[in-house]
Amino acid sequence: MTTPVSTPSIHTPEGLATTPPILADSAKSHLAVPGQGLYALGSPSGSDASLHRIKNLPGYTTPVFKGKEEQRAKVQANVAAKGFIPRELIANEVNWFYSHLGIDDTYFQNESVEVITDHIIALFGAKVLAYTKHDPEKLVIDLEKIDEKGATFIHTSAPGRTSVQGPGAICEARIDDLFLDKATPDKCYRLETFRSAGSISATASQQLRCYFVNKCSFPKSTPASTRKDGKTDIRAVSDPVFLEKASDHTLSVYQEIMWQVESRYGPVIEVFEVEGSRERRMVIGYKMGGTSRFFSALSNLYHFYSLYSARKYVEQFSNGITIISLYLNPLPNSNAPPIEHSIFQVMKEVSLLYCLPENPFFLVNVGHAVQEATYAYCGWIFAQHFCNRLGSAYLSLKNVLDESNPAHAEVLNDIKMRFREETFTRESIAQVIHAHPELIRMLYVNFAMVHYPNNEGSQLMPTLSYQRLKTEQPLSDQELHEKIRKTVANKHELQVLESFLIFNKHVLKTNFYQPTKVALSFRLAPDFLPEVEYPKKPFGMFFIIGNEFRGFHIRFRDVARGGIRIVRSRNRENYSINQRMLFDENYGLASTQSLKNKDIPEGGAKGTILPSLGAAPRLCFEKYVDAVIDLLIPGHSPGIKEPLVDLYDKPELLFFGPDEGTADMMDWAAIHARTRGAETWWKSFTTGKTAETLGGIPHDTYGMTSLSIRQYVLGIYKQLGLREKDITKVQTGGPDGDLGSNEILLSSDKTIAVIDGSGVLADPAGINREELIRLAKKRVPVGNFDTSKLSKDGYLVRVEDQDIKLPSGEIVPDGTDFRNGAHLRFKSDLFVPCGGRPEAVNISNVAALVDSEGKPHYKYIVEGANLFLTQQARLYLEKRKIVLFKDSSANKGGVTSSSLEVLAGLALSTQEYLDLMIFKDGKPSTFYQNYVRDIQDKITENAAAEFQCIWKEHSRLQGSKPRTTISDELSTTLNNLQAELESSDLYDDVPSRKGVMKRAIPKTLVDKVGLDVLLKRLPESYQRALFSSWVASHFIYKYGVNGSSVDFFHFARDLAN
């Protein structure tokens, strides 16, 4: 079996493995192709050549309990002493229990005389109860013992059937819940379970199923490895009991599986044929915590194909790996497909089960195969987001109301929320799906006929799912719609099932049939989004579904960048709201990002991830990223990542950035992209990477966002002839934050108040600047201010303070409430929000910023923090003659810096990137320092140019149009011009193109790599975007939003110079 030359370790939820040193050999970044020895998952053929045969020997040794006879005598005496069973029957009952039930010696070795006694008495009671019902089949045995060391469960069980009642119905789900789902190397349990050989009594044919769960005790110090090649030695990470029981062959099989799990992110699935029998042994390896409820879901899966398990094992290893082994046999006299065929189908479906083990539509007794049930689940989630559309009633209302009127806008928003809540609930959609299994099957076939990879068709023995598709009579879209219309009972059901058809029609590619995956991803064409709600059509969208989360990614241009946000929920009600609003929030964020990305090549994009309650956000992020990468990299590893059906059929590049909850995950995503084989773009896949180890360019260290905010402040001073040291200022966002600290360090005004997470610091005489600078350099909040440096009228109110008296005599009852409203109480020349909650100034509280005489509290506002003021609040303040610059203009320095971080990643080869962008001995290279200076210059130049453009336009119109509106129009005009230029032939004029590229790419990069080499390396879509963004922004900043065609002619003529 081939394994990787070196094994990249992937982060696991428990933080078991560490990030691989990025300087390691890049050979490691490609997945190994298994399959030379073991059978590789998903190989379409069931031919003998692809199956690994093993000898018909036990995989584990069965222990022989030497003290069994002595224990039996003690148990017999103890049963007699209890007095429940008639004396003449005791010997027989004990003998039957010890010799005829087929219970393994493991049980007798592990349990005490007292527990075994209780179990024998319980069994006798069960027999008496069954006798009174006059039906031997009613004999139900249910024994269990749970303690801190593990558990024993013994119950009656029919082979090959999933119990829907009695102890067997919930036993495995409880084992998942109690012992397997939350496994970590510090606390994990191994499991052995087998079916007894004998029947439970002479008259009843049922067999017993026994489960033995034992806590692993790994050696305190890891035993020395016997390997010389640096690979993990399974013996060094195993539980001693497992080593005692496992055969050498089992150890060698598990060793191979373990190496594959370490080199991959998803599960590893192998099958072995047992010589001289029809038994198949399936072995599944994955990282602890990678899925949940998986063990119990596996039983449902093989029962669906009329297979039963003789034995099952779950082994845990101290390096954070879980391996499950199933010994599968065909049920006698069943009319299911033979195991020789069905085993390959089970393998295919294990990977879907790993993604969605808790699928409410996979019910063995209903008859949906896992693939159909998984499709139903995906359609269910899609319908939840896209059935609740607002319809014609909302459109009529929208046309009547005036959205620029705050009161009207609020009413519309409330109605929108209400429509979303009341029309289609999760439960009502699920009911429709359960009510129409036949239609769901037809819809699945409609989906599969397009996306099922046809490379299986020509093989020797196609899988069952392929055969199933060939036997179904596929209907055309029109026939299927007609069939749905005639079958359903009402309009509600019709709309739900129509949404499945809409889903089918708009999937361009999916990893649904990828042999291994950790979550399901779909690249959708966004044409189905109604214009009334989504007036601006996205360029592309991704829809990701995992067991613990759902997520979206929306971008407005082919080349686009934006943050990935984790949306957290405090409780079930909050989760419900987040779930309903997830897509709308994602759309809104991506749309806003477009306005801010106006003078860089990347358009606006955003990703959102909604974890289920209690899910680990990190795990959700990792699965989201891995599932998206499935659709970005063509598969070329048989049995792991195979080619997909790609209706989009163009290469796609996505650029992710940090956002709420994901700032510390960008490194992992870049390294993972490299591990997955994205050799050309892993460096640019994420921004916000660690500077020292991955060549990221941190905004806070170099004050990138603050530099653009600063240009607006300085621009106001210059235009109005103001001296900075005479200006009074209030700022939100304190010295502990990126913007807050840099605002303090870059300014020399008279700051009278700083509001941050720790409280409110105020001094009408001006806060002591040296002390502020000290806090800013240490990056600590105002709560650490030395109050001896305040004037007699100054004060510090911390959020935890209560009943504090201010110098004015005012009593502050609660520090947190005081902090939350403090930005509305102060008065100064300048207000710079550098932090705080979105919509902190909104239409309901903005009037508090104007005093009783109609005079505003502030003369100038530069909105550094994103969305600090709502649009209506900005317009309200501008009406009162405040000079206000909105967030998408003022704080775009950060996006410019990230854009140029992406450019460095795309432009440099891996070796150049490692040499030039990654720190050596903790110090940046000269190239890195020069490149950072280039970025700072570009931010300053862009911000100053946009400031001038807005100021000139406002003056030209003599103040009749608010700067907020001018800023938005400028963004829209820039974006529209950029889109036009991208598809124009101006780019094809080589002298113009080279002239622009030389100016658009930072000089440090051009000098180092050379313009011609850069133009060969950068993807054409990116070059077009870079060219058009530079031309659009420089033209509009020079000629204004009303530049004419003649102006553009003169401008374009000079591009080549």
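Analyst: Start with the word patch: it is made of residues with over 30% relative accessible area and no salt bridge, where like charges are joined within 9 Å and nonpolar side chains (Val, Leu, Ile, Met, Phe, Trp, Tyr) within 5 Å. The areas come from the Shrake-Rupley method with a 1.4 Å probe, and for residues only the protein chains shown count as cover. A salt bridge needs a side-chain nitrogen of Lys or Arg within 4 Å of a carboxyl oxygen of Asp or Glu.

This is a predicted model: local features need pLDDT of at least 70, side-chain atom pairs count only at pLDDT 80 or more, and totals for chains, interfaces and linings use all residues. Residues are numbered from 1 along each chain as its sequence is written, and side-chain values use heavy atoms, leaving out hydrogens and water.

Now the patch. Met-449, Val-450 and Leu-647 form a nonpolar surface patch of about 240 Å². Val-450 sits in helix 14. Helices (H or I, at least four residues) and strands (E, at least two) are DSSP runs, numbered from the N terminus. Val-450 has a relative accessible area of 34%, so it is partly exposed. Here buried means under 20%, exposed over 50%, and partly exposed in between (1.4 Å probe, protein chains only).

Helix 14 also has buried residues, among them Leu-439, Leu-443, Phe-447 and His-451. In an α-helix there are 3.6 residues a turn, so residues three or four places apart point the same way.

Next, the salt bridges. The count is 67. Lys-892 and Glu-946 make one, at 2.5 Å, N to O. The pair links distant parts of the chain: Lys-892 is in the loop between helix 28 (887–890) and helix 29 (893–907), and Glu-946 is in helix 31 (residues 926–956), 54 residues apart. Lys-892 counts as buried because its relative accessibility is 1%. Glu-946 is buried too, at 0%.

Arg-710 and Glu-724 form another salt bridge, at 2.4 Å, N to O. Both Arg-710 and Glu-724 are buried.

There is also a network of salt bridges: Lys-509, Arg-523, Arg-555, Asp-558, Asp-646 and Glu-652 are linked in it.
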